[in-house]
Amino acid sequence: MSRAVLLLALIACRGGKDTSEPTTEQDPYTVTVGPYSADVQWTSYGIPHITGEDYGSLGYGMGYAFARDHACVLADQIVMVRSERSRYFGEEWLDMDFGWLALDVRAQAEIGWFELDAEIQETLIGYAAGYSRFLEEGAPDARCAGEEWVKPIDHIDLLSYYLALGLYGSGAVFVSEIGGGAPPAVDADSRGAQPPVPGIDVLKPLVDKELGSNGWAIGSERSESGGGMLLSNTHFPAEGERKWHESHLTIPGELDVYGASLMGVAIINLGFNADIAWTHTVSNAPRFNGALLQLEEGSPTRYLYDGTYEDMTTRTVSVQAQQPDGALEEVTRTLYSSRWGPVMNAPVLGWNELYALSLVDANANNLAMLKTWFLMSRAQSMDEFKAAHRDSGGIPWVHTIATDTEGTAFYTDSSTVPRWSAAAEARYPDWLVEQPLAALFDDNGATVIDGSDPMFVWESDPDAQAWRPDVVPWEQMPRLERTDFVFNANDNHWLSNPEEPLEGYPLLYGDERTPRTPRTRMNARYLSEAGAGGEDGRFSLAELQAAALGGRGILADDLLADVVSTCEGVETVELDEAPVDISVACEALAGWDGTARPDQAGVAVWRELIGSGLFSFDDLLGDGGILFSTGFDAADPVDTPRDLSPDSPVLEAMAQAVVNLDAAGFSPDVALGDIQFTRKGDLDIPILGGQDYEGVVAIATYSGGNATRLETEPRAATINETSDLTEEGYQINYGNSFVMTVDMGGDSPTCEAIMTYSQSDDASSPHFADQTQLYSEGQLRPCWFTPEDVAADTVESKSLTLE
């Protein structure tokens, strides 16, 4: 494909239109594509090692290599951010299409393109061209092959998608509610009548609690080699747009970085170079505030602010929607915004005569993400790595855990967090008492402020170095540097190292000196207990891997013996006025070693017992509740709560476990490998790991979170929503995803890793299930980094040029 032909194809790809769309003096679509020269070497398990002579060439090779494995995923997401799902798939997608127009990601990308550094621009142009070349040369996998919506993409498509990616924990959660938002008692155009306010029981999670991970940085005191070590144990879905793709990127003399990227991202998001290794875990600090608007009586588009009612602003936008007969029809809507942001048809609240909800998004137009990751990838020291966070500030929604060749262990939550004034922090608890709606949202993970009160306007510092001045600056962000270890398992900053708790940070980072989740406690116990890392207290790569894959759980650690003592000698338990035989279940637990490994029986009984519905999550935290006799103690946060309460209904819970397993057709003494699996086409592959609530490090569960329209593996009817038990057992599509262990000691980094769902989405690829089978056996494989090692393991190579 010539540059001229490719440029014409890319310029032709535009999305929905905004009649009030701003213009720029420059055309962001008029760019130079090529010349490019990239070499791709694929090593075992389909890992591409891409060498380019410049950033454009590197992007060209990366885009091509990614498209071989996941072209359908990116094609789907580009249709989404172009607001074209209705065009191809019908009017059921109108709310989403209009929502993305309201969030303005494409217009922001067109304007923001000129703010990007030249090497980032070159990489995105090259990546889009490489991806588009693959579509010209070959076919994507069967899920989208031949579909009219699979077409060449351009750099603005990519940048729009990255801005949408930045909204995972904020605007993207509410995109359909925003697109469907319309005031009551007015013409709601294609939206029709607004639905009645739903009940509390259908309140959806307002922050995505599924995305997780464990991240460890081991310092020189605890490392066998004396250099830093990293455990990157990400918990992301195995289906959809939130998967990882592994690669190695090299520009001789400029860049040499290995790791994983989210789908379609043209840089490494987590990985290592010769000097630094890093990973991320999802931070639950809020990325948005919902502003509760008090509406003027009889005028639901006027709201109170600082004692005066003011009008919402509007803009008119249009999309093409496919009709049942296949014809396209233009659909136009009016979108509404307050001074705070877009107004939505909010969960629970809706948009009624009294109130509406407006979104204030800390990650809106986060163009700094790419620069931050570019600088991290090129950092040659921990100081340079920190400077990437301090000076760019673009990390959207994750903690960062890093180490280096010197054995420094570093943690920070440098994610984008709203900057409240001291007065707002003091006011918020009283506001929750005064306004039950705000309290309801707060209970479900969303921070809703008084939209009439200027006190809640985010505090701005014009001298802030970050990309926006009204988010928490570097100086106030939680961070910790040590030489033993730091870690995170998705709780907040407080216990990054139990020997040095982090306290005194802004309110929105979350509570300190409060119970931690069972998984956080299990991570901390691994790192803190006597003998951790072997007899000498120093970790090897094998010992890091054992922690990630061993399946140990803190609830079994602390309670299993007591539960077995309670059930021994008990034959039956009355449940719903019927006797249930628990003897086999008790015997299974008595013979279980407490780990969630495929060869172990008793795991399923334990999972169903804890997830029986008789215990709340607060019970598991141990701040009161019926499970533990010794409650949480802030002075002993790793080893409390503990000890089984004599009043705990464990026998009834065990009976419920037996009933659940029987309904699925399994005996209580079933081995985990016979009931838990991941489905890859015609293969059901046994998988290790457990549920988050069990307090295991190795997570294996099921997630319905998938923003693509692509076909997923079929799943049987669910028996227990809490444990994800189905009529076929535990089908896994979420949990341990990209597991990477790195030792920075020695002449070059040593890495072993596993992509648990394998590298490719293409069922015809030899790399569709190869790593999944390896993971089923509890194994990792090498990550080749040096040129010599890459050359020795190369199984395929390709030179890619564009003149």
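These are my notebook entries on a predicted protein model.

**Ground rules**

I number residues from 1 along each chain as its sequence is written.

**Confidence**

I started with pLDDT, the predictor's confidence in each residue, from 0 to 100. The protein averages 93, and 93% of the residues score at least 70. I label helices (H or I, at least four residues) and strands (E, at least two) as DSSP runs, numbered from the N terminus. Confidence is lowest in helix H1 (residues 3-11), with a mean of 40. It is highest in strand E3 (residues 47-52), at 99.

Residues 19-24 are one of them. I count a contact as heavy atoms within 4.5 Å. For residues 19-24 the model has seven contacts beyond four places in sequence. Residues 193-209 also stay under 50, and there the model has 31 such contacts. Where pLDDT is low, the predicted coordinates should not be read in detail.

**Helix H7 and its surroundings**

Next I looked up helix H7 (residues 155-165). I call a residue buried under 20% relative accessible area, exposed over 50%, and partly exposed in between (1.4 Å probe, protein chains only). In H7, 11 of the 11 residues are buried, so the helix is largely enclosed by the rest of the structure. Among them are His-155, Asp-157, Tyr-162 and Leu-165. What covers them includes H2, helix H4 (94-103), helix H5 (105-112), helix H6 (118-137), strand E7 (255-262) and helix H9 (368-378).

How do H2 and H7 cross? I fitted axes as lines to C-alpha atoms, for helices over the stretch in contact, with angles from 0 to 180 degrees between N-to-C directions. The axes of H2 (residues 55-81) and H7 come within 9 Å and cross at roughly 85°. That makes H2 roughly perpendicular to H7. My angle classes are under 35 degrees for roughly parallel, over 145 for roughly antiparallel, 65 to 115 for roughly perpendicular, and oblique for the rest.

H2 contributes Leu-74, Gln-77, Ile-78 and Val-81 to the contact. H7 contributes Asp-157, Leu-158, Ser-160, Tyr-161 and Ala-164. By class I get six nonpolar, two polar and one charged residues. I count Ala, Val, Leu, Ile, Met, Phe, Trp, Tyr, Cys and Pro as nonpolar, Asp, Glu, Lys and Arg as charged, and the others, Gly among them, as polar.

**H6 against H9**

The axes of H6 and H9 come within 10 Å and cross at roughly 100°. H6 and H9 are therefore roughly perpendicular to each other. Glu-119, Ile-120, Thr-123 and Leu-124 of H6 meet Leu-370, Lys-371, Phe-374 and Arg-378 of H9. This contact has four nonpolar, one polar and three charged residues.

**Nonpolar cores**

I define a nonpolar core as a set of buried Ala, Val, Leu, Ile, Met, Phe, Trp, Tyr and Cys residues joined through side-chain atoms within 4.5 Å. The largest has 161 residues, of which Leu-124 and Trp-278 touch the most other members. H2 supplies the largest share of this core, 17 residues. A second, separate core holds 73 residues, including Leu-609, Leu-627, Val-739 and Leu-780.

**Helix H10**

In H10 (residues 382-392) I listed the buried residues, including Met-382, Phe-385, Lys-386 and His-389. Their cover includes strand E9 (276-282), H9, strand E17 (398-404), strand E18 (409-412) and strand E20 (479-482). Gly-393 follows H10 with a positive phi, near 65°.

**Backbone checks**

I found a cis peptide bond from Gly-34 to Pro-35, with omega near 0°. Pro-35 sits in the loop between strand E1 (17-18) and strand E2 (36-43). Another cis bond joins Thr-640 and Pro-641, with omega about 5°. Pro-641 is in the loop between strand E24 (628-630) and strand E25 (642-644).

Asp-306 is not a glycine, yet its phi is positive, near 55°. Is Asp-306 buried or exposed? Asp-306 is exposed, at 53% relative accessible area. Asp-724 also has a positive phi, about 65°. Asp-724 is buried, at 10%.

Notes:
This is a predicted model: local features need pLDDT of at least 70, side-chain atom pairs count only at pLDDT 80 or more; totals for chains, interfaces and linings use all residues. Side-chain values use heavy atoms; hydrogens and water are left out.
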